[in-house]
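This report goes through a protein model, beginning with a single residue and its surroundings. Please keep the sequence and the 3D view open while reading.

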Number of protein chains: 2
Amino acid sequence: MLISRLKPEECEQLLARLRTGRLACARDNKPYIVPIYFAYEPGFLYGFATLGRKIEWMRSNRFICVQVDEVVSRNEWTSVIVNGWYEEFPERPEFSEKRRHARSLLEKDHLWQAGYAAYQVRDQRQPTPILYGVHIEEMTGLRSSPDHAERAIMAGFG
Amino acid sequence: MLISRLKPEECEQLLARLRTGRLACARDNKPYIVPIYFAYEPGFLYGFATLGRKIEWMRSNRFICVQVDEVVSRNEWTSVIVNGWYEEFPERPEFSEKRRHARSLLEKDHLWQAGYAAYQVRDQRQPTPILYGVHIEEMTGLRSSPDHAERAIMAGFG
């Protein structure tokens, strides 16, 4: 297996193509990971959730990490890690433009609908929709590809 | 989309079946996520890495979180989150039995080999193999399944 670093534009391409990833937040130095839906634009990720541990923790500590990957097989995958910080877009006039923009990106591919429905069922109560952004501070990515021996095995010449 | 909580034994079944996941650690309240290979046995996960940010951070703060999932489609997935703490198994006589055990589990499916090769190439140097365990303190899991309307659409009756 050969591992190479992604260029910044390759990291961006993966973030732009994928819609799901994992977000880690931390409180009292204890990390917590949850799967998320997101929408990307240069410098930002946008997400949607209802109030729960993730939102409470990010409100108390805005540092977060997001990881996305595309896995073909154990030897062939691409992974990007984003470090950044959380910003919530509350239902207040000064955030209305940001909310509109985030929601329009999240409504593509029905992300909004899927996330909303999930929380409705899980919590058995009327959820409060929370829109947030992730300010991207750092992006790093790795790609693995099978080496010659592995390619030969996969092709049946092993 | 309908979301239900997994029973403890269903969480265990997913951990026993999968071999890859994401691990989050934290330092100075900044979280960091990396993909990992792991082996499961009741109460424990075992992993393997070379020295790098993940190991340095876990040495300074043993609290970690591991997330695994099996995704069929956006509406059909299973996800388990493990909270626990890190224990390293250094090359010292008192850890030899734990090292042997961890390595035997990780050698199944060639996990050891894959992880080792990856780091060799990435770091361009002789890596120091580090074996570690995760003491599982808490496991929670969710499963989503399409609701009736979604099933109808998927079946072509929408």
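Leaving aside residues up to four places away in sequence, A:Arg22 touches A:Ile33, A:Val34, A:Pro35, A:Ile36, A:Cys65, A:Val66, A:Gln67 and A:Asp69, and from chain B it touches B:Arg22, B:Ile33, B:Gln67 and B:Asp69. This is a predicted model. A:Arg22 sits in strand S2 of chain A. Its relative accessible area is 9%, and residues under 20% count as buried, so A:Arg22 is buried.

Which residue of chain B forms a salt bridge with A:Arg22? The partner is B:Asp69, and the closest N and O atoms are 2.7 Å apart. The two side chains also make a polar contact, at 2.7 Å. Side chains of opposite charge can pair when their charged atoms come close. A network of salt bridges links A:Arg22, A:Asp69, B:Arg22 and B:Asp69.

**The interface**

Between chain A and chain B the count is 2 salt bridges. The rule for polar contacts finds 9 residue pairs across this interface. On the side of chain A that touches chain B, at least two residues each come from strands S1 (2-5), S2 (20-27), S3 (30-37), S6 (63-73), S7 (76-89) and S8 (129-145), and from helix H4 (111-123). The largest share of that side, 7 residues, is supplied by S3(A). By residue type, the side divides into 25 nonpolar, 5 polar and 12 charged.

In total, 42 residues from chain A and 41 residues from chain B take part in the contact. The size of an interface is often given as the accessible area lost when the parts come together. Here the area buried between chain A and chain B is about 3300 Å², and carbon and sulfur atoms give 61% of it.

**Salt bridges within the chains**

Over all chains, the structure holds 18 salt bridges. The table lists some that lie within one chain.

| Pair | N to O distance |
|---|---|
| A:Arg59 and A:Glu88 | 2.8 Å |
| A:Arg103 and A:Glu107 | 3.0 Å |
| B:Arg59 and B:Glu88 | 2.7 Å |

A:Arg59 is partly exposed at 47% relative accessibility, whereas A:Glu88 is buried at 17%. In chain B, B:Arg59 is partly exposed at 48% and B:Glu88 is buried at 18%.

A:Arg103 and A:Glu107 are 4 residues apart in helix H3 (residues 96-107) of chain A, so about one helical turn separates them. A:Arg103 is partly exposed at 34%, and A:Glu107 is partly exposed at 41%.

**Positive phi angles**

Most residues other than glycine have a negative phi. A:Asp28 is not a glycine, yet has a positive phi of about 50 degrees. A:Asp28 lies in the loop between S2 and S3 of chain A and is exposed, with a relative accessible area of 65%. B:Asn29 has a positive phi of about 65 degrees and is not a glycine either. B:Asn29 lies in the loop between strand S2 (20-27) and strand S3 (30-37) of chain B and is partly exposed at 26%.

**Chain A as a whole**

Chain A has 5 helices and 8 strands, in the order β-α-β-β-β-β-α-β-β-α-α-β-α along the sequence. Of its 158 residues, 49% are buried. Among contacts in chain A with a separation of 6 or more, 70% join residues 24 or more positions apart. Chain A exposes about 8000 Å², with 51% of this supplied by carbon and sulfur atoms.

Note on methods: Residues numbered from 1 in each chain as written. Chains lettered and ligands numbered in written order. Predicted model: local features only at pLDDT ≥ 70, side-chain atom pairs only at ≥ 80, totals over all residues. Heavy atoms only, no water. Buried < 20%, exposed > 50% of the residue type's maximum accessible area, 1.4 Å probe, protein only. Contact = heavy atoms within 4.5 Å. Areas by Shrake-Rupley, 256 points an atom, 1.4 Å probe, with all protein chains shown as cover. Buried area = accessible area lost by both parts, 1.4 Å probe. Salt bridge = Lys/Arg side-chain N within 4 Å of Asp/Glu carboxyl O. Polar contact = N/O pair within 3.5 Å; in protein donor to acceptor, adjacent residues only side chain to side chain. Nonpolar A, V, L, I, M, F, W, Y, C, P; charged D, E, K, R; others polar.
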